[in-house]
Amino acid sequence: MNNNNQLPLKDVRVVDFGQQIAGPAVAMTLADLGATVVHIDPPEGPMWDHPANAVLQRNKHCLRLDLKTAAGLNQALSLIAEADIVIESFRPGVMQRLGIDFEQLRQNRPELITLSVPGFASNDELRREWKATEAIVAATSGAFTDMGFNRVLMGIEPSFSPLPLGSSYATSLAASSVVLALLEREKTGRGDSIEVPVTAALMEGLSYNSYVVEGLPERYKTMREHEIEYRKTNNIKMDLTYADLQEYLDPFYRTYECADGRKFYCVCPSHRNHAKRALIALGIYDELIAEGLPDVKDLHQPIAEWEGETSIGVYPLPKKWADIISAKMKQAFLTKTSDEWGRIFGEGQIPGAPHRTTQEWVNDEHTNTAGLIVEVDDPEYGLMKQPGPITWFEHNAEAMLTPAPRRNVSYEEALATLQNAAAQAPLSRPTGDNILPASGKGWLDGLRVLDLTNVIAGPHSGAFLGRFGAEVIKLDPVTPLYDPLIGTLFTFQTDMGKKKALVDITTDDGREAFNRLVRSVDLVLINAPDRQMKPLGLDHDSLQAVNPGVLFCRLDCLGGPRPGPKTNYIGYDDIIQANSGIMSRFGGPDTPEEHAHLGTLDVNCGFAAGLGMALAIYHKHKTGIVSRTRTSLSAVTNLAQVPFAFDYEGRAPFNEASGREALGNHELSYFYQTADGWIFLDSNTQELPKLAAIEGLAGVESTSDVRSFLTEAFAQASTDYWIDVLHSADIAAATPLSIETLREQYSRIADGSSGIDKGSYAFSIYPDHPSGHCLTQIDHYSIRPTEARIKAVAPTERFGHSTREVLREVGYSDNEIDDMIERKIAGLGWGKEFLPS
């Protein structure tokens, strides 16, 4: 096979002991990218018996071994002896007790890479022994209590969501860490032992829900926040209906009913061009101008200096104009169907999409044409529609679109498969006596990245690289397109550790500066649709002409491995939430509601881009091939919905837990009120005898109405009592905690460390943040190698703070830089204040 057509992990061998979602999903991701994977289940089969295993085990050779027997353990160790990577996802210490000691294995084979994906961190003394199911991790980490302003105003707490977000984030993060360890191994011959706790991954994914800016100016508070404060101050019950709630939403950030009775989600706040295009497409722009809609030219000045009261492109709009615009938009949307509006918005480069279910998403023309959904002929379920890859190379994506079905094999077949793969894998790394000692450096020390992204997903991917030692240069336009809420406030998370420069690359002189920067870096990163690549000079030929060998990564909204009808549609996280069924599940099909975790898909899209960039760097180092790597919000929504995002003939109905009334997956996986609070029980029918043995629960195994029985029983004692007795019986249960509670318990003044030694939760407080506010943020702490260094990235600097330094580095003199600033080809800031008041 031509090297250019080989998948990047073709020569990598993996033994996968993972169970549930996260561990198997990491191995699935590696298998999708070409790795040879042997998956091992216990004798009784997968611990999670679900059709989604057909997805998680595709491209794998599967067998069952009893590690509690000498024969089974010896067979497992023989398989490991042929592997490059070993993956497990049990509680800390389980594998070692079974006789598979990662530390000992790596002493004998320092080239081995081991990955553990426990629910809670191994250094979390309180929780490390808990049975850490997906829901238990979510409940403990604030994912069911910090569900946004909508749920607060409707008086709904706790809220439940069946999305496996923790495992979704952990999959991308852990897969990235393994590829980066492979890169280091190519240089030194040494592997690494890595831990990625699902809890820490979830907290990094919820970073926008957890950060706090003290003294945040009033201009950033939405109508919902003002209503919450008003009701709290006046002791008014939080009891808004879904219909009433809609009137507290910004007109450019809400759901509208269309002529076909279906719903459409418009998401174009904070960007004046998108909002204006939407109003023109709806036919109401001229009306609003005639009625006196003001237009503030510079939204990054303090409000006190504005020449008008508001403008399109401001988020949030003041209530007066929000009400006027919403009323007109509601009437306009009723004139066409949701599909018609979808085409108008998509072709008009306006962010918006019709609400659809996951079943519709899986069977949609675009997702199937674009390779976001692929077909696999599974031995149990027949021809299945399954999620496509989460990241891919442009030059050989086609090779990832025909996954092999999972295949049950014998031990002898599995061993032969690994041995054959090893025999065909050329060694390019140091071996034997040439293996180098651990360097203690970051995996990406010395790498330079030019980051051209905006909003969340793209910038988040650039920031992700910083923890491994990469130097990231963030290049923004001299004149901002986004208002300060998205354009500045979000950057407190997404631009950490970056040098920030402002250059107008649409001018000739600015383009020369851009080309000099491209020549100075190893990788260029952008989030934009394909149609923008040639005009920006970022197509393959143009970019290679400027810097032969430079790598490239692109993120977008609806892109897939192949072109599809909606490939060039633009959009945000919310667009795909609406279109892929997340909102219809969370709020209910008739009352769709945004899944409240800001960055639900955005953050993981950033992590998936991080995986793609790691692959490109590794593949170039190993083969010399220069690649362009891709991911999209649409690709990662499939990972976030892996228990639902598939279809086949005879499939059970798409009836997973949905709507605001849902408090769990079923009566044994459910929120129950106790005498003094709430508890989340995450059990199953096999554990009914264990439940019945607990004092206060006798008879639960014989009742015909388990939910009513448990509702009455749990109300008889405190949450602490139930947690204690359930944990003693090794039954999964948790007290739902808020992120605020976690932040209070696990925050420290920023101390220059990454927080990986702090357990499952670690926040840093920045009293002297460059914004002028005290800021508290979750650490970049989920990836925990034993030998490589994880860097504590610096807080986000002001826009243009490093313009002079960045331009000097590419050969400009101080006089030339002054001239560029004078002519507004370069800039030193977007306004008088970092975070405008």
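Modeller: We may begin with helix α28, residues 602-623, which has 22 residues and reaches 31 Å from its first C-alpha to its last, close to the 32 Å expected at 1.5 Å a residue. Please keep in mind that this is a predicted model.

Biologist: What makes α28 mostly covered?

Modeller: A residue counts as buried under 20% relative accessible area. In α28, 18 of the 22 residues are buried. Just after α28, Gly-624 takes a positive phi of about 85°.

Biologist: Why are β7 and β26 called edge strands?

Modeller: The open sheet has four strands in the order β7-β28-β27-β26, with mixed pairing. Each of β7 (212-213) and β26 (747-749) pairs on one side only.

Biologist: How many disulfides does the structure hold, and how far is the sulfur of Cys-266 from the closest cysteine sulfur?

Modeller: The structure holds zero disulfides. A disulfide is a covalent bond between the sulfur atoms of two cysteines. The cut-off for such a pair is within 2.5 Å. The sulfur of Cys-266 lies 3.6 Å from the closest cysteine sulfur, that of Cys-268, and is therefore too far for a bond.

Biologist: Is Cys-266 buried or exposed, and what of Cys-62?

Modeller: Buried means under 20% relative accessible area. Cys-266 has 0% relative accessibility, so Cys-266 counts as buried. Cys-62, with a relative accessible area of 6%, is therefore buried as well.

Biologist: Which residues lie nearest the centre of the second largest pocket?

Modeller: They are Gly-148, Phe-149, Tyr-208, Asn-209 and Glu-225, out of 48 lining residues. Elements that give two or more residues to this lining include α7 (149-153), α10 (207-210) and β7. The largest share, five residues, comes from α11. The volume of the second largest pocket is about 1600 Å³.

Biologist: What classes of residue make up the lining of the second largest pocket?

Modeller: There are 24 nonpolar, ten polar and 14 charged residues in that lining.

Conventions. Residues are numbered from 1 along each chain as its sequence is written. This is a predicted model: local features need pLDDT of at least 70, side-chain atom pairs count only at pLDDT 80 or more; totals for chains, interfaces and linings use all residues. Side-chain values use heavy atoms; hydrogens and water are left out. The expected span of a helix is 1.5 Å times one less than its number of residues. Buried means under 20% relative accessible area, exposed over 50%, partly exposed in between (1.4 Å probe, protein chains only). Two strands pair if DSSP finds at least two bridges between them. On a 1 Å grid over the protein atoms alone, a cavity is a set of points where a 1.4 Å probe fits but cannot get out, and a pocket is an open set with protein on both sides within 12 Å along at least five of seven lines; lining residues have an atom within 4 Å of a point. Grid points are joined across faces, edges and corners, and a volume is the space filled by probe spheres set on the points. Ala, Val, Leu, Ile, Met, Phe, Trp, Tyr, Cys and Pro count as nonpolar, Asp, Glu, Lys and Arg as charged, and the others, Gly among them, as polar.
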